[in-house]
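Open the model in your viewer and keep the selection tool at hand. We will go stop by stop, selecting one part at a time.

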Amino acid sequence: MSIALQAGLGFLRQAMLLAGIAIAVFLLIRIVPGDVVDSMALEGSLDDEAIAALRAELGLDAGTLTQFRIWVSRALVGDFGNSLRFDRPASELILAALPTTLGLAALALAAGLALGIVMAAAAALWPGSALPSLVEILNLWSIALPTFCVGLAAILVFSVWLGWLPVIGQWLSPVLILAVDIAGQVAKPLHEDLKEAATASHIRTARAKGLSPARIVLRHLLPNALTTVVALGGLILAGLIGGALTMEVLFGLPGLGTLAYQAISGRDYPVIQAVVLVFAVGVVMVNWATDAIQRSLDPRLRR
Amino acid sequence: MSSYGAALAAPPRGSNKVGFSFGMAILGLALLVAIIGPTLVPHDPLTQELAARNAPPDAAHWFGHDHLGRDVLARLVAGTRISLAVALGATLLAMLLGAGLGLAAEALGRWPSFLVFGVFDMVRALPSILLALTLMVALGIGIIPLIVALGVAYAPHMALVARAAWRRESATGYVAAARVMGAAPLATLWRHVLPNIAGALVTQAAIIMPRAITTESVLSFFGLGVSPETPSWGRMISGASRFAESAPHAVLAPVLALCVVTLGFALVGDRLRLALDPLRERGR
Amino acid sequence: MNGVPLVALRDFRVRFGDTTAVDGISLTLQPGETLALVGESGSGKSLTALGMAGLAPSAAQLSGSLRIAGVEMLGASERAWRARRGARIGMVFQEAMGSLNPSMRIGAQIAEAITAHRSLPKAEIACRVHDALTEVGLPDPHGKAAAFPHQLSGGQQQRVMIAMALAADPALLIADEPTTALDTTVQAQILALLVALQARRGLAMLFVSHDLAVVEGIAQRVAVMRHGKVVEAGPTAQVFAAPSHPYTAALLASRPSQAQRISAVDRRSLPALEIEDLTVMFRPHRLGGAKLRAVDGVTLSIAAGEALGLVGESGSGKSTLAKAVVGLVRPATGSIRVFGHDPAAPADRKAMARAVQMVFQDAAGSLNPRLTIAQILAEPLAVHGLAPPAQRRARARQLLEEVGLTATHLDRYPHQLSGGQRQRVAIARALAVDPKLLVCDEPVSALDMTVQAQVLDLLARIRRERGLALLFIGHDLETVGAVSDRIAVMKDGRVIEIGTAEAILQRPANAFTQALVAAMPRRLAGRGCAAELLAVAEA
Amino acid sequence: MTQIPLQLLRRHLLLGGAALFAPASALSQAAPRTGTLKVAFLGLDTADPHRHTGSIAVQQVYVEGLTSIADDGTVKPFLATSWEISPDGRRYEFKIREGVRFHNGRLLTAEDVRANAVRVRDQVRGGWLSAPMRLVDSLEAPDARTFVMTMKEPYGPLLNLLSELWIVAPESEGWAQTIRQPIGTGPFRFGRWQPNVSFHAPAFAQYWQAGLPRVEAVEFSLRDGADLSLALRAGDLHIGRIGYDKLASVRADPNLEVRFMKDTTWWFWSFNNRNPRPPFNDIRVRQAVSFMLDKPAFMRFVAGEAGTVTNQMAAPGQFYWDKAMHDADAHAAPNETRAHALLREAGVNPANTPCRIVSWQSAYTEIAVQTMRKLGFQVEHLALDDIGAQRRLGQYDWDLAPFSSGPRADIFLRFVRLMSDGPNVGLWGGTRDAEFDRLVRAAIAAVDLNERRRLYLAAWQRAMDNYYTVVIGHAPEPIASRREVTGYSPGFTWGQHRVDGGLAFGALTARG
């Protein structure tokens with residue numbers, strides 16, 4: 001079977017998944033008590049009559065099925081409706097927020113993977129040094145220290161006490177915090193993988209050829225461990241899309257996470273639906289890409 | 001000596017052992033605190049001494065007071081019970097939902113399995129924090145909704161682990177031998193498959209529990225989770241974080257407790273993974 | 001054979017903590033000479049071979065003396081070892097697939113062996129890689145250089161390994177069980193290739209093997225190892241003709257012999273097994289893939305009490321056939337009747353189970369690691385209500401004794417037993433329900449030679465005592481021939497030849513069967529000369 | 001806050017003040033605008049100033065009304081230079097200010113004002129203006145400088161509420177549906193808006209008040225959830241609300257200055273009045289709960305030194321506040337013994353009585369919870385987000401609701417919350433009391449100010465007697481600004497631009 005056909009089938013499956021998610025999200029939102037009209041009533045003065053009229057105007061009084069039909073037919077052409085809170089197209093809000101989240105995730109992932117891979121490779125090369133312990137510590141750090149705790153501490157220390165960084169809208173702290181977190185998640189499994197791969201027969205062959213340790217690690221161990229990195233990277237990136245939410249809210253970055261958080265607490269249906277769908281598309285694409293990359297990295301899977 | 005040569009030498013076990021004992025000690029202590037701690041602390045976790053807002057630690061109140069003048073130690077101890085209960089409840093629910101549904105579907109055949117795991121895939125495609133956030137808004141705050149939200153969010157992970165273990169076990173020689181022997185399918189499942197799946201699930205549980213604790217605290221930080229006066233660690237952090245500067249003790253105590261317990265889980269889980277992962281080595 | 005020996009081991013020891021794996025052996029290897037190191041698993045032969053290349057695990061403590069071309073190498077730096085590996089010492093390992101880097105092209109892997117020791121222009125390297133691949137008899141060397149290991153067959157992979165080991169033109173080739181994992185016909189080709197190369201290049205070769213028979217045709221000298229010691233060493237002919245140590249004699253005797261064949265065939269009653277036009281298909285792994293036809297129109301039968309041997313190479317469909325017989329896979333078309341009943345849809349599952357039982361190749365995998373031997377043996381008794389709970393232990397003990405184990409094994413776990421003991425337990429479990437047909441799927445191929453012989457003996461004895469019908473599956477004619485009344489040869493899912501054991505072994509009609517017969521180690525040994533092997537290599 | 005401002009008495013008689021500002025002097029015009037003021041107050045939810053009024057802090061900088069609430073809480077002429085009110089209190093005739101330009105350079109006319117009033121009346125549902133707009137009989141612009149508004153009945157709060165009827169040029173994009181790019185008359189133009197992130201408003205060079213604004217632009221941070229006090233201390237913000245709990249740390253910073261808003265936020269506990277569940281329908285139980293309340297401690301908790309304890313919706317010192325009523329407060333200090341005695345008298349055993357409290361998630365709600373727990377009730381606390389609480393309150397299946405409410409342009413906007421048809425009345429227990437309604441309606445219809453005050457107080461006395469809502473106290477919201485900001489001061493309401501102050505007056509001096 002050709003790669004293209006396989007990728008196509010994978011894509012079809014993911015598309016079905018997305019359709020399912022769209023339905024689920026639509027229904028899930030309907031469970032949440034309260035709607036945007038409640039939210040408007042909260043700020044101004046709306047009597048019951050006005051509330052009913054507003055609901056009718058926004059189509060919130062129609063049956064769930066009708067609402068869903070309308071939503072799907074529009075969403076298919078990229079129209080997710082207007083944000084109820086901001087009177088703007090939801091797609092516009094998302095497009096405005098997307099670069100922040102993508103940038104944050106990309107920077108954190110790049111930095112984190114680089115740090116993790118270097119640490120793991122170095123620890124595999126010098127097992128007698130402090131590096132393996134450092135890998136362990138980094139891993140425990142990322143497990144035991146929730147990023148939002150680190151974020152709070154970072155704001156207090158670097159922005160308030162030391163005054164080195166602005167409190168809101170700065171990228172350095174969130175990227176670093178996420179990167180270290182990612183590095184911790186990557187370094188340990190990769191290090192273990194490298195250690196285990198070092199026992200593989202083909203590494204013995206490489207040694208029997210008289211290759212240098214550096215060449216063995218770089219040319220024989222790492223490329224084969226790369227599939228691990230890609231698999232982990234995919235998992236982490238999928239998690240990161242959600243994990244960025246905390247950082248965005250904490251550091252006041254105008255990304256998708258902030259948008260989602262505010263839309264959920266503001267019952268802004270069109271935005272919630274759109275954001276969750278964008279998140280889901282992101283995760284699904286990441287999974288799909290991970291799969292494809294793994295396939296291309298391992299010649300045994302190419303067929 | 002060559003570096004990778006050294007890596008060849010010993011399986012990566014020795015160092016885990018100390019970590020494992022340490023992790024078990026932490027978890028044991030946490031469990032002890034959760035069970036009998038509240039009877040040992042002479043203060044009530046809810047009583048407010050408004051005059052002693054953010055008061056630093058002293059002889060009577062070892063960990064000081066929080067922003068509402070409540071005893072931090074009493075809340076920390078009570079919070080241990082709640083945080084552990086939430087984590088345990090969520091993990092058990094995830095296990096029940098994920099492993100139970102997943103295995104049932106897998107046993108029922110190709111199509112039920114396809115459908116159920118399709119749903120799990122969908123749930124998995126949503127970031128768990130976003131899913132929990134939405135569910136919490138839908139269900140309202142409180143311990144039970146929290147357990148439900150976290151349980152649902154983690155169920156797919158359990159399901160995948162259970163399915164993988166199921167498939168691996170079903171393919172083993174001794175399951176084939178039992179079939180050839182004429183043993184009833186259910187008996188085979190009970191005797192040969194489930195005990196080995198249990199190992200994988202316990203390992204996964206050790207991974208999910210600390211995540212549940214952390215997610216609880218993040219949700220509480222966002223104003224969801226349990227109700228504000230409930231002394232969960234997340235609520236303590238979110239309440240005290242606004243006063244981190246003037247009363248660092250009130251935020252440090254729950255943050256440290258959170259970190260230490262997650263650390264305990266990490267250390268224990270790491271060892272469990274090695275010990276129970278049937279892919280690595282059979283036998284003990 | 002004078003001057004400085006290429007390798008000289010004196011009082012060479014390898015210890016892991018308190019355990020001694022190699023216990024003071026002394027060996028020499030002269031340039032151009034082939035030394036065979038023979039022993040069963042755990043004898044220390046592989047460790048000795050690895051030690052000679054400085055590749056012993058780092059936890060191992062080496063002592064004594066190891067001189068290579070006169071230079072003491074024990075305690076030498078890694079750098080010094082690196083200069084010798086590849087350049088002076090080439091190595092070939094048992095499992096070619098695992099020994100090649102799966103994600104690197106073959107050409108690059110061979111080139112690496114050259115460039116590790118000298119820098120050459122790119123074109124020169126490509127040329128040498130091409131030559132190396134040609135020398136080991138690979139067709140289309142250009143295409144092979146660009147291929148990944150998984151795109152080659154097992155035999156081709158091992159040829160690549162040999163090409164790689166020799167690429168930097170070493171004086172010594174260490175071949176650690178280079179043919180064990182291969183199909184028998186391929187084994188013969190690789191052996192022939194090694195002999196030819198050794199002769200052409202004047203290589204010294206250390207040939208490590210568990211099978212004495214393989215060694216006979218290729219080594220000038222043999223050293224037999226047991227428990228870390230060399231129990232016997234000497235010129236090959238002498239060792240084979242007059243073994244001085246009883247262990248060597250036992251090893252030589254462990255070749256299965258036809259003498260064990262007995263017959264209690266009852267052709268009048270209902271046949272134990274009747275297979276007609278059986279086809280088994282496998283669902284493709286991926287969507288859209290073609291269905292795999294594992295068994296393709298097989299017809300055969302086994303009379304009550306008869307032993308049928310089924311021989312074929314990996315992928316021939318013989319194991320699938322065995323599984324179909326016990327109902328583990330469903331046939332696509334055709335029919336299977338075990339004593340007249342269909343195992344795939346039995347009216348009575350338990351009755352079917354009592355009629356036919358199976359012994360699997362992987363004994364360790366077929367025993368639940370979480371249960372004790374007593375529990376494992378009690379299970380069939382419980383399932384079929386053959387013994388009340390109180391008596392199950394006693395019955396388990398009887399079964400153990402029948403397969404040559406003792407009551408002391410009852411409370412052990414499978415991993416606490418040796419491979420042979422585990423297979424005995426598996427046989428005991430199969431016998432617990434007193435079946436009339438026993439299906440054995442390569443029951444001995446994972447075992448050491450002497451253990452193989454013992455298990456085959458056991459099977460023969462049980463068959464005799466119980467009047468069992470036997471479907472015995474194997475990849476090697478010698479083993480299969482030892483227990484079978486008739487032999488069927490399978491290739492690509494079809495039975496290509498079937499006949500009495502004598503007929504197949506003495507007068508094979510089919511070309512493939514002839515190749516199988518020719519590749520029997522004993523046959524190779526019998527001809528005993530490199531020229532014959534070269535002829536096989538050319539074929 | 002001293003005594004009753006005289007203007008309050010005067011304004012309904014006929015006169016609006018004359019033009020308050022002298023013609024622009026050449027000197028002030030010459031002063032160059034420098035710097036961008038970075039501020040953070042409330043959010044901005046819509047670009048349409050008529051849609052709803054939740055964004056008053058931000059939108060006042062680009063749109064203005066006919067009137068303006070001054071620092072002292074009185075209503076002052078703004079885009080109108082003066083007004084006349086007919087003796088029956090139904091006809092309002094406004095003189096429209098000359099020389100006022102929209103951001104597109106066009107001059108403001110009475111017809112523009114009328115168009116805005118019509119749009120609000122016909123197209124906008126909800127908001128403070130919906131009630132008065134229902135009472136409008138006619139809207140006319142007889143000439144370019146005159147706007148006449150005729151009501152069906154007298155409506156006292158109208159002038160104050162008109163301070164939030166923003167005048168937008170009808171040619172603004174989206175006028176027919178939703179305005180996307182409002183063209184106002186304010187000192188700053190509607191610039192770049194990133195919802196939830198920021199709003200950038202550059203200075204309007206042709207602003208009608210010469211010399212204003214004094215900075216090149218203002219930039220609002222619209223991120224919520226962030227701790228603004230940290231941003232202020234770090235210098236990322238110039239002006240922002242900080243919350244009482246950060247007062248100490250902000251005051252300790254020499255670069256920051258704290259000032260308070262002129263109107264107050266007030267805290268109260270409401271009982272469920274729409275559908276009270278026993279025993280909370282018993283006045284003695286409500287009394288007992290109120291006796292349990294430690295008002296001084298509560299106010300110290302929420303506002304520190306800034307808080308004052310009282311029992312009325314008007315803050316002490318304001319016109320509609322009554323000292324005698326204040327002095328007669330039985331719950332000014334807690335009385336636990338009385339509380340328990342009252343419960344016994346009512347035959348209530350709190351230990352087996354559930355008490356459901358609905359609130360937001362603020363820390364002060366936990367004091368209420370703990371108080372009820374101390375009294376012995378089985379407390380169930382539902383701490384919800386804004387909308388969740390809103391929904392839950394509307395179900396009227398709860399017993400107690402501790403809440404707070406912020407500054408408003410008119411006292412009526414507080415009284416209306418206890419009326420049967422009031423907006424968003426859940427926070428106040430959904431009171432339905434015909435007599436209370438009657439008193440408040442009479443108050444807003446009263447042309448005489450003292451009569452109005454008397455009626456309001458009578459209504460409030462009734463609310464207190466029935467324990468609909470128990471007021472705990474008031475405190476003004478602290479606003480911090482950095483020292484380099486001059487000329488700025490917080491106003492009566494959240495609006496950041498008004499007749500006598502706000503962001504237009506703010507200037508930046510060089511730091512250090």
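## A sheet in chain C and its helices

Select helix α21 (residues 511-518) of chain C, which lies across β13 (307-312), β18 and β19 of chain C. The helix runs at about 110 degrees to β18(C). Axes here are lines fitted to C-alpha atoms, for helices over the stretch in contact, and angles run from 0 to 180 degrees between N-to-C directions. Element names follow DSSP runs, numbered from the N terminus: helices are H or I with at least four residues, strands are E with at least two.

Keep in mind that this is a predicted model: local features need pLDDT of at least 70, side-chain atom pairs count only at pLDDT 80 or more, and totals for chains, interfaces and linings use all residues. Residues are numbered from 1 along each chain as its sequence is written, while chains are lettered from A and ligands numbered from 1 in the order in which they are written.

Now select the sheet strands. In what order do the six strands of this open sheet of chain C stand? The order is β15-β16-β17-β13-β18-β19, with mixed pairing. Two strands pair if DSSP finds at least two bridges between them. Look at the edges: β15 (356-359) and β19 of chain C each have a single partner strand, so one side of each has no neighbour in the sheet. On average, neighbouring strands are turned by 15 degrees against each other, direction ignored.

Zoom in on β16 (residues 437-441) and β17 (residues 469-474) of chain C. They pair in the parallel sense over five bridges. Pick C:Val439; its bridge partner in β17(C) is C:Leu471.

Select helix α1 (residues 45-52) of chain C. Is this helix largely enclosed or open, and why? Eight of its eight residues are buried, so α1(C) is largely enclosed by the rest of the structure. Buried means 20 or more other C-beta atoms within 10 Å of a residue's own; exposed means 12 or fewer, partly exposed is in between, and C-beta atoms are placed from the backbone. Among the buried residues are C:Lys45, C:Leu47 and C:Met52. After α1(C) comes C:Gly54, with a positive phi near 70 degrees.

Go to C:His227, in the loop between β9 (221-226) and β10 (229-235) of chain C. C:His227 is not a glycine, yet its phi is positive, near 50 degrees. C:His227 is partly exposed, with 15 other C-beta atoms within 10 Å.

Then pick C:Asp492, in the loop between β18 (486-491) and β19 (494-500) of chain C. Its phi is also positive, about 50 degrees.

## Cis peptides in chain D

Select D:Leu212 and D:Pro213. A cis peptide bond joins them, with omega about -10 degrees. D:Pro213 sits in the loop between β9 (198-202) and β10 (217-221) of chain D. Then select D:Pro278 and D:Pro279, joined by a cis peptide bond with omega about 0 degrees.

## Last stop: chain A

Of its 303 residues, 53% are buried. Colour by pLDDT, the predictor's confidence in each residue, from 0 to 100. Chain A has a mean of 77, and 81% of its residues reach 70 or more.

How values were computed: Contact = placed C-beta atoms within 7 Å.
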